[in-house]
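Here's a quick briefing to read alongside the model. Have the 3D view open and follow along, topic by topic.

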Amino acid sequence: MARAPSGATCSSLPSSDSFVSVGRVGRPHGLAGGFVVEHASAAPERLAVGAKVYVDGRAVSIVESKWAGGRRVVRLDCAVARGSVLAVRRAELPPPEPDSYYVFDLLGLAVEEDGGRALGRVQQVSPGVANDVLELDSGIELPLVEACVQEVNLEAGRIVVQHGFADAR
């Protein structure tokens, strides 16, 4: 467990779909209770000193935040277990820019080719060297680029991709 300076611990409360992950508690860093944040949010304000995050549905504050060895290291105002998810309320996120989407909005969407062939559902969006990659439950991986993705329709729950990208794996 990462230690808090006050010795306080965070109790577990049920989590909800109204929360979005901004990282996960990784290995300890230093002696004061800090830890490396795995899968840290790209938005620096989410893990800045004074930011409020939730662990198992309970609000906690970030009391220290820094970069060490190219990784985000934080310390919270209470102890949390390694592997715990750090989250923010979905409602507190700003709306994405036009033609941009939060990863959690894409998860679970059905993906089909422009001819109507079903390819699977988005299981994960992974960062790639040149672009993000849609990983489907069928094992297909598709580049998240304009040449491939023709339409993202959150209301209809689907993504339409250009014919031929699914065959080129």
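Let's start with the largest pocket, which has a volume of about 1400 Å³. A pocket here is an open set of points on a 1 Å grid over the protein atoms alone, where a 1.4 Å probe fits, with protein on both sides within 12 Å along at least five of seven lines; lining residues have an atom within 4 Å of a point. The points are joined across faces, edges and corners, and the volume is the space filled by probe spheres set on them. This is a predicted model: local features need pLDDT of at least 70, side-chain atom pairs count only at pLDDT 80 or more, and totals for chains, interfaces and linings use all residues. Residues are numbered from 1 along each chain as its sequence is written, and side-chain values use heavy atoms, leaving out hydrogens and water.

**The pocket lining**
- The largest pocket is lined by 39 residues, and Y101, Y102, V103, F104 and V125 lie nearest its centre.
- Elements giving two or more residues to this lining are β1 (19-29), β6 (85-89), α1 (103-106), β8 and β11 (149-153).
- β1 gives the most, with six residues.

**The chain overall**
- There are one helix and twelve strands (DSSP runs numbered from the N terminus: H or I of at least four residues for helices, E of at least two for strands).
- From the N terminus on, the order is β-β-β-β-β-β-α-β-β-β-β-β-β.

- The mean pLDDT (the predictor's confidence in each residue, from 0 to 100) is 86, and 89% of residues reach 70 or more.
- Over residues 1-16 the pLDDT is below 50, though this stretch has 36 contacts (heavy atoms within 4.5 Å) beyond near neighbours in sequence in the model.

**Zooming in on S126**
- S126 is found in strand β8 (residues 118-126).
- S126 counts as buried because its relative accessibility is 12% (buried is under 20% relative accessible area, exposed over 50%, partly exposed in between, with a 1.4 Å probe and protein chains only).
- Leaving aside neighbours within four places in sequence, S126 touches N131, D132, V133 and E135.

**And on F165**
- You'll find F165 in the segment after β12 (158-161).
- With a relative accessible area of 27%, F165 is partly exposed.
- Beyond neighbours within four places in sequence, F165 is in contact with L142, P143, A147 and C148.
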